[in-house]
Amino acid sequence: MKIKVKGYISAIVALSVIVLIAVSWILSCNRTPEYNVAVFFSHDPLQYSYEEMRDEIEEVFKHDHLDVNVTYSYLNCEKWGHDQELIEARRLVDEASVGRKLDAIMIVGDQATYSVMLAGNDVVKKVPVVYGAVLYPNMNILKRNKNMTGFHDSTDVVKNMEASYTLTGNYAIYTMLDRTYLDKCTYRQVYKQIDGHKDILNNLDWTHTLYEICHLPVGTYSITPFSLRDMSSNTANKEKSDTLGVNNFMFVMRSFSNMTYMQLKYDAEGLAMIRMNAHKPMITAIGNEFGRPGGNFVGGYFATLRSIAHDMTHRLVKILNGAKPEEFGKTISPKQFCVDWRVAKRCGFTINNLPQGYTVFNLTWQEKHATLYTALTYIVVLLIIGSFVVLLRLFIKERNQKKKALRRVEKENIMYNMAVENSEVYAMEREGSAITISDAFWRNNGYEPHNIDASDFRRMLDPDSREVYDKGHEAVSKGEAYQADILADFGGNGSYKWYRLKAKGVVDSAGCFIRSYGMLMNVDDFIRREDELQKARKLAEEATLKESFLANMSHEIRTPLNAIVGFSNLMLMQGDELSAEDKQMFAETINTNNDLLLKLINDILDLSRVESGEIQFVMKLWSVKDIIERLYNTFLVQVPKHLELRLSKASEDVLIKVDESRLSQVLSNFLTNACKFTPEGSITLGWTLAEGNMVELFVEDTGIGMTEEESKMVFSRFYKKNEFKQGTGLGLSICKAIVIRLGGKIKVKSAVGKGSRFSVWFGCQNYGGVMNNR
């Protein structure tokens with residue numbers, strides 16, 4: 001049977017180990033690693049669309065439960081020339097990778113994409129790169145780098161012209177273009193897209209004047225470029241110049257003409273100029289600044305930067321989870337017709353006449369569901385009115401109930417005052433430090449009713465009662481209940497009386513005191529009578545104890561005296577009746593009883609001196625280990641051979657402040673008694689540490705033990721478990737008196753047939769002073 005149990009235990013242990021290993025492996029596999037990703041933007045960080053892209057990037061990583069540390073850098077390309085832009089891009093990549101290992105790179109915009117890839121940093125060629133919002137993809141660069149994948153785009157001029165007419169009603173379009181590399185790419189792209197469209201007048205080379213452009217037949221689109229940096233290019237055709245001459249640009253900027261601005265590339269300076277001089281709605285083909293609060297872009301046909309950021313981040317998540325960049329290739333970002341409701345509303349659109357097929361941005365829920373919102377508003381208003389009516393009725397009902405309750409309280413108060421008017425029980429209330437007591441209290445003490453300060457109330461108390469009052473005051477201030485008896489002279493005539501004070505505090509949710517309620521009751525007669533009864537009881541007990549003590553004394557002394565007198569008389573007998581052996585036995589009996597009588601007298605004197613305080617105790621710090629081991633070595637040769645004396649040590653030695661000789665006397669008595677009442681087995685001497693910085697010194701035996709009733713009486717004077725055993729019955733009484741004088745506790749634990757454990761308890765401290773001496 002034991003073999004089977006051991007087998008089951010081994011199997012359970014092995015299974016537990018396997019489960020722990022499996023759980024640890026699963027947790028280690030599921031632990032999400034942390035990645036370092038650097039994001040580079042082409043322009044400055046103040047772009048509104050960049051804020052949306054950053055939010056989308058963070059949201060996708062969070063949604064896909066990927067722990068990613070993302071840093072953002074901004075090339076601010078409008079600020080640099082070509083060569084300086086490469087230097088700036090190289091610096092930004094170095095800063096993003098200093099002190100950490102980059103796991104991937106994301107790039108937004110043409111300028112940042114090409115500048116970062118051509119900057120020459122090694123990290124760009126080693127880690128996966130995901131680009132997006134690239135309007136003019138350079139396939140030679142993109143295909144040459146196998147670690148690159150992403151989303152490119154191109155502006156759709158024709159569809160944005162259609163969007164211009166749909167959203168603004170204008171066919172004439174103007175844009176801002178200079179002679180930079182991206183501007184030239186834009187020129188080529190626009191030429192290519194409008195080529196062959198007979199309904200579009202190409203004015204990219206300024207073959208027509210503004211006057212002609214503004215007076216084209218209805219249904220004919222036109223696109224005219226303006227330059228912010230080369231003002232002369234705005235009037236390239238001088239033969240067909242109208243009366244405005246070189247003021248063509250200012251004409252467009254300052255007047256409400258029939259021309260709509262179309263954003264084909266991001267130009268911060270040009271956009272700022274247009275915003276400052278024109279307040280008409282504008283069209284964007286690239287999505288930059290679309291949706292900005294207070295902006296003028298009403299809409300357009302483009303891929304939103306938030307959707308581009310969403311697609312870029314999802315692709316990067318797949319790569320970080322193990323996919324290769326070449327698996328995806330280069331993708332064209334999907335476009336959509338978009339409209340900003342806040343700008344469209346300023347243009348006169350309503351919810352019902354917004355163009356079909358457009359995705360509406362910044363449309364609030366209440367505007368989208370105006371009818372439902374109105375209905376809900378009416379319902380809420382009706383609910384508020386109904387709630388107000390219900391609350392008003394409840395208020396009126398409650399006010400009436402309060403009036404009835406107030407009348408009932410007044411009636412009960414009158415009845416209470418009548419009941420206690422001639423008694424000495426008084427209601428008491430404290431708010432802050434002001435104390436209010438029933439009027440009858442003051443009248444009974446010869447004063448007019450008034451409030452009293454807590455400090456004045458305290459001064460009326462007996463000095464010994466002030467500390468009791470202070471504890472109660474503190475407890476009540478915490479919201480607790482308190483009761484105590486105090487001695488006070490409220491009449492001011494030097495006559496102190498006993499009062500019982502009961503109080504309960506009220507605190508707020510923060511635990512701050514608000515007020516307390518209580519009762520003050522004159523219990524002087526009761527306490528004085530109780531005191532007299534206690535004194536009478538004490539005198540009676542002392543008389544009984546003296547009588548019992550004398551009776552026990554007479555019995556204990558008479559026993560050895562009878563033996564001494566009897567055997568002495570026998571030894572004086574004449575003749576040869578007694579042999580030498582008999583006389584020797586009688587002499588030994590007389591000596592034994594002399595010793596017993598002497599010990600009895602000494603024990604009585606010791607007990608009397610200990611209880612009266614005549615014996616001086618020399619209190620010092622002693623090592624418990626030294627005390628126990630010294631006693632063990634002393635009794636090792638005194639214990640009968642049929643018993644085994646054992647030593648039990650605690651985990652560490654401690655110090656106790658005692659009189660070592662008196663404590664040894666107590667433990668020696670324990671050991672002596674154990675030897676008497678242990679027929680066979682062992683006796684254990686030792687010490688153990690207990691909670692509360694306490695140490696227990698004990699003597700434990702395997703002797704005959706005691707019943708529960710005997711255990712309660714064992715420390716009583718003259719108690720002997722076995723009347724035939726040698727002893728006075730005062731040893732344990734003396735031990736108890738010594739231990740109490742040493743500031744300790746004495747205890748016994750026993751069971752019949754199993755043995756007894758006598759122990760003393762003391763406060764202790766270790767050698768390092770961590771534990772407090774008690």
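Student: In which sense do strand 24 and strand 25 pair?

Tutor: The model is predicted: local features need pLDDT of at least 70, side-chain atom pairs count only at pLDDT 80 or more, and totals for chains, interfaces and linings use all residues. Residues are numbered from 1 along each chain as its sequence is written, and side-chain values use heavy atoms, with hydrogens and water left out. Strands are DSSP runs of E with at least two residues, and helices are runs of H or I with at least four, numbered from the N terminus; two strands pair if DSSP finds at least two bridges between them. Strand 24 (residues 681–690) and strand 25 (residues 694–701) are joined by eight bridges, and their sense is antiparallel.

Student: Which residue in strand 25 stands opposite Leu685?

Tutor: Strand 25 covers residues 694–701. The residue opposite Leu685 is Val699.

Student: What is the strand order of the open sheet with five strands?

Tutor: Pairing in this sheet is mixed. Strand 22 (643–648) and strand 26 (745–751) each pair on one side only, as edge strands. The order is 22-24-25-27-26.

Student: What angle does the direction of helix 21 make with that of strand 24?

Tutor: Helix 21 (residues 624–635) packs on the sheet and touches strand 22, strand 24 and strand 25, where contact means heavy atoms within 4.5 Å. Axes are lines fitted to C-alpha atoms, for helices over the stretch in contact, and angles between N-to-C directions run from 0 to 180 degrees. With strand 24, the angle is about 175 degrees.
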